[in-house]
Structures are given as C-alpha cells and as structure tokens.
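Please open the structure in your viewer and keep the selection tool ready. The tour goes from the whole chain to single residues.

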Amino acid sequence: MLGLKLPTDPRWVNIVEKNIEEILTDHAYCEQKAASTAISLIVSFPEYTELVQEMVLLVKEEISHFKMVHDKIVERGWIMGRDRKDEYVIALLKFFPKGGSRTIQLVHRLLYAALIEGRSCERFRLLSEQLEDKKLAEFYRNLMVSEANHYTMFLGFARHYGDRKEVDKKWQELLAFEAQVMKDLGTQETMHG
Ligand SMILES: [Fe+2]
Ligand SMILES: [Fe+2]
C-alpha cells in the first residue's frame, strides 16, 4: 500500500484500543504538526507559487482535522494533554543529508511529508478496519482518504520540482530506510509509535 515496504503489525490496533485517550491526543498533535509543516513550507519556499497556493489550502484542512480530533477528546470529557515526542519522525528526518540547492532541500522536505502522510494513511486504514468503536472507525475511514490525497500531492510536487529520475531514486531509498525504522515500532499507542 502506497509503496510502504513494511506493513504495520495489526496487533498495534489492540494496543491502541486500550488507550483511546492517548491515541487521540497523539493524533491531534499529528494534525497540528501537519498544519505547521505546511506553514513552514510557505515560509521556507515562497518562490514556489503553486506549492504556496496548495499549502494554504492544506493548512486549513489540517487545522480542521485538528479540530475534529480535539472535538473527539472533548466529547469524551477529556482535556488534551501535552505533546509527545514522535520518535518515528525524528528518526526519519535524519535520512537526507543537510544542504544542497534550494530545490534539493525542497524535494527532501516534500518526500518526508509524503511518507509521513502515507504511513499515517496506512495507520488510519488499520484503525478504520479494526476498531471496535464503529463511530471512531468511520471517523478514521474519512481521514484516511484525505491523507491519501496529501500523500499523492506531496509526491507529485517532489516529482514536479525535482529531476524525476533523481526523485524516484531518493523516494525508493527513503522507503527502504523507513521500513528499517518501522521494524522497531508498532508497539505503542501513538499514531507512528
Ligand atoms: Fe490531516
Ligand atoms: Fe495530511
């Protein structure tokens, strides 16, 4: 699915199901970080007009996802907790070397974003198929579709702005690296844990 080289262990959903408060809190921050990433891309790469236009739309969509998740927390009578470290993202962002031309830096940022959207999409699919709470499962089914579109958009921009052959090679290398990172994960009640 989505080119990912290692599927999440389906038992991850059992772990999540025992702590819905934790997964919702972690998920809310994922949506906030997605919105923040879109803003950061606007600030870092303002000369890429088409990208800026799309990122404005993305900020709105991701912050609306944040609100939807926050509503789920509030509905349940909970108060959102503090942000958690996302070990998956921290490990992933070490893959590409720093520096290079602005276009190369942009391509790296876009590939990271595509992959994080893709893995989130895979996790949402598992939740949508396996959660006992059918209302919450439906919620994740709808979000899965959005994240799949974001995945396609980021990968499309990377291929559009970068050299197609180079980008595809880097994408395959990043996917292989991500599978290594994922080997040690799938054991925590967080979106990427
Ligand atoms: Fe989102
Ligand atoms: Fe997204």
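The stops below cover the overall fold, the metal site, the nonpolar cores, some salt bridges and one serine.

**Before you start**

This is a predicted model, in which local features need pLDDT of at least 70 and side-chain atom pairs count only at pLDDT 80 or more, while totals for chains, interfaces and linings use all residues. Residues are numbered from 1 along each chain as its sequence is written, chains are lettered from A and ligands numbered from 1 in the order in which they are written, and side-chain values use heavy atoms, with hydrogens and water left out.

**Stop 1: the whole protein**

Show the chain as a cartoon. The protein has 7 helices and 0 strands; both are DSSP runs numbered from the N terminus, helices being H or I with at least four residues and strands being E with at least two. Along the sequence the pattern reads α-α-α-α-α-α-α. The radius of gyration is 16 Å, close to the 16 Å given by the globule rule for 193 residues, so the protein is as compact as a globular protein of that length. That radius is taken over C-alpha atoms, and the rule is 2.2 Å times the number of residues to the power 0.38.

Turn the model around: along the principal axes, the C-alpha atoms fill a box of roughly 50 × 30 × 25 Å. Of the 193 residues, 48% are buried (buried is under 20% relative accessible area, exposed over 50%, partly exposed in between, with a 1.4 Å probe and protein chains only). Among contacts (heavy atoms within 4.5 Å) between residues at least 6 apart in sequence, 82% join residues at least 24 apart.

**Stop 2: the iron site**

Select ligand 2, an iron ion.

Glu62 bridges the two iron ions, ligand 2 and ligand 1, which lie 3.5 Å apart.

**Stop 3: the nonpolar cores**

A nonpolar core is a set of buried Ala, Val, Leu, Ile, Met, Phe, Trp, Tyr and Cys residues joined through side-chain atoms within 4.5 Å. The largest one has 36 residues, and those with the most contacts inside it are Leu51, Tyr88, Leu110, Leu111, Phe154 and Trp171. At least two residues of this core come from each of helix 2 (20-44), helix 3 (49-75), helix 4 (87-92), helix 5, helix 6 and helix 7 (164-183). Helix 5 gives the largest share, 9 residues.

Select Trp171. Apart from neighbours within four places in sequence, Trp171 is in contact with Leu2, Leu111, Ala114, Leu115, Tyr151, Leu155 and Arg159. There is also a second, separate core of 24 residues, which includes Cys30, Cys121, Phe139 and Met191.

**Stop 4: salt bridges**

With a salt bridge taken as a side-chain nitrogen of Lys or Arg within 4 Å of a carboxyl oxygen of Asp or Glu, the count comes to 13.

- Select Glu22 and Arg84, whose side chains meet at 2.8 Å, N to O. Glu22 lies in helix 2 and Arg84 in the loop between helix 3 and helix 4, so the pair ties together parts that are 62 residues apart in sequence. Glu22 counts as buried at 18% relative accessibility, and Arg84 as partly exposed at 26%.
- Select Arg102 and Glu47, a salt bridge with its closest N and O atoms 2.7 Å apart. Arg102 is in helix 5 and Glu47 in the loop between helix 2 and helix 3, 55 residues apart.
- Select Glu129 and Arg125, a salt bridge with its closest N and O atoms 3.2 Å apart. Both lie in helix 5, 4 residues apart, about one turn of the helix.

**Stop 5: Ser146**

Finally, select Ser146 in helix 6. Is Ser146 buried or exposed? At 14% relative accessibility, Ser146 counts as buried. Leaving aside neighbours within four places in sequence, Ser146 is in contact with Glu61 and His65.

Notes: Donors are N, O and S atoms within 2.8 Å of the metal (3.2 Å for Na, K and Ca); water is not among the atoms, so sites may look incomplete.
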